[in-house]
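This report covers a predicted model.

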Amino acid sequence: MSDDQFDHFASVDPTAESAPGSNQADTDQINDEMAARLGRRPWPASNLRPGFEVSFEFFPAATDAGEQNLVDTASRLADFDPAFVSVTYGAGGTTQERTLNSIRRLKGETNLDVAGHLTCVGASAAEVHEVLDVYAEAGVRRVVALRGDPPEGESDGTRPDGYRSATELVQGIRARSDGDSWDISVAAYPEIHPKAVSPSSDLDNLKRKIDAGADRALTQFFFDTDAFLRFLDTARAAGITAPIVPGIMPVTNFEKTAGFSGRCGTSIPAWMSDLFGGVDDVPEVQQMIAATVAAEQCRRIAEHGVQTFHFYTMNRIELTLALCKILGVGAAAQAEPITSGSRSSIA
Ligand SMILES: Cc1cc2nc3c(=O)[nH]c(=O)nc-3n(C[C@H](O)[C@H](O)[C@H](O)COP(=O)(O)OP(=O)(O)OC[C@H]3O[C@@H](n4cnc5c(N)ncnc54)[C@H](O)[C@@H]3O)c2cc1C
């Protein structure tokens with residue numbers, strides 16, 4: 001989702017043979033225990049297996065107080081053992097310094113693996129590499145590589161001395177002397193990018209980004225779960241083998257979400273309007289519905305073998321926290337803490 005619209009398990013030393021969780025038997029035992037816990041829950045859990053891998057997306061804080069809140073929120077979500085947390089980057093330029101500040105604080109004050117989003121529209125290639133240098137200096141080795149949206153009224157927004165697309169950006173990152181050290185995610189659109197010429201050209205574009213060296217795709221948020229599952233099948237049939245991580249957004253405010261979904265190419269199914277209808281002024285009820293909808297999305301997707309999820313947190317902790325608890329994400333998140341486990345990662 002674009003910036004203007006919103007603005008780890010205990011680690012185990014694999015060499016320590018006596019350490020709990022260091023061998024397959026220990027891992028199996030932990031997984032069995034996790035599965036048993038999930039199995040005790042009063043809803044169908046056959047598809048909820050231990051080992052969900054999650055990442056959390058934040059937008060940069062606008063104020064010092066907001067930055068502290070972001071660090072506190074991210075620290076709380078660290079209990080769920082995310083593979084990484086990411087911070088969006090405003091293609092328009094107004095929030096870029098805030099992104100860098102938020103990233104520096106998250107790197108400096110938490111143990112989280114941090115990914116910086118990076119857009120190339122409106123910037124020269126040299127300017128883009130300066131941001132990558134800042135990320136590298138802060139210890140960040142993950143990037144979500146995006147084209148970004150041109151300013152309103154401009155049809156293109158790219159510069160002759162800049163990268164014209166996310167594909168070119170990925171190529172540019174991989175061509176750096178430290179190019180192989182970057183973990184690169186790119187964007188994917190289960191319901192098609194709003195400016196795409198056709199579904200097939202959009203899929204070709206995603207394939208180009210992966211072929212250029214991206215490690216995975218994170219999808220735009222969606223509520224039509226069937227659309228995501230069809231997209232996944234089509235992408236696999238087109239030879240895209242990299243992980244395609246569904247972007248799940250628990251709805252904090254239905255009216256606002258419906259408003260910007262159209263600009264993102266995300267459809268609002270009629271059943272959602274029905275569910276959220278009439279409770280605009282009762283945020284608590286909206287939140288209960290939102291957690292149920294998002295958990296059901298994850299449960300259905302997991303039925304198809306997907307174990308990794310990217311959560312659009314909207315910088316709010318409650319819904320994402322509830323969702324992770326419902327799904328049984330992360331050993332530390334369980335009511336009866338598991339004392340050892342394996343570190344999760346989105347490979
Ligand atoms: C997970 C995620 C995170 C995001 N984070 C941010 C953020 O932090 N900041 C921000 O500003 N925005 C963000 N966005 C929004 C994103 O910047 C916009 O959707 C933008 O319009 C497209 O960026 P892209 O990287 O997908 O572009 P690209 O992959 O370069 O392409 C975008 C569109 O152009 C088409 N296209 C590209 N090349 C060609 C070609 N040669 N021929 C025909 N069509 C082509 C594609 O099919 C697609 O329709 C994010 C989106 C997602 C899904």
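## Helix H5

Helix H5 spans residues 166-174, and its buried residues are Ala 166, Thr 167, Glu 168, Leu 169, Val 170 and Ile 173. The cover over the buried residues of H5 includes helix H4 (125-137), strand E5 (183-188), E4 and H6.

## Nonpolar core

The largest nonpolar core has 83 residues, and those touching the most other members are Val 54, Val 143, Ala 145, Val 170 and Ala 217. Helix H10 (residues 283-302) supplies the largest share of this core, seven residues.

Leaving out residues up to four places away in sequence, Ala 145 is in contact with Leu 118, Ala 166, Leu 169, Val 170, Ile 173, Ile 184, Val 186 and Ala 214.

## Ligand shell

There are 28 residues around the ligand, and Thr 88, His 117, Arg 147, His 193 and Ala 196 come nearest. Two or more residues of the shell come from each of strand E3 (114-119), strand E4 (142-146), helix H6 (199-211) and strand E6 (216-221).

H6 gives the largest share, four residues. By class, twelve residues of the shell are polar, ten are nonpolar and six are charged.

## Strand E8

Five of the five residues of strand E8 (residues 308-312) are buried, so the strand is largely enclosed by the rest of the structure. Phe 309 and Phe 311 point one way from E8, while Thr 308, His 310 and Tyr 312 point the other way.

E8 pairs in the parallel sense with strand E1 (residues 53-58) over five bridges, and Phe 56 stands opposite Phe 311 of E8. Strand E7 (residues 244-248) also pairs with E8 in the parallel sense, over two bridges; here Gly 247 has His 310 in E8 as its bridge partner.

Definitions and conventions
Residues numbered from 1 in each chain as written. Predicted model: local features only at pLDDT ≥ 70, side-chain atom pairs only at ≥ 80, totals over all residues. Core = buried A, V, L, I, M, F, W, Y, C linked by C-beta atoms within 7 Å. Buried ≥ 20, exposed ≤ 12 C-beta atoms within 10 Å, placed from the backbone. Contact = placed C-beta atoms within 7 Å. Near = placed C-beta within 6 Å. Nonpolar A, V, L, I, M, F, W, Y, C, P; charged D, E, K, R; others polar. Pairing = 2+ DSSP bridges.
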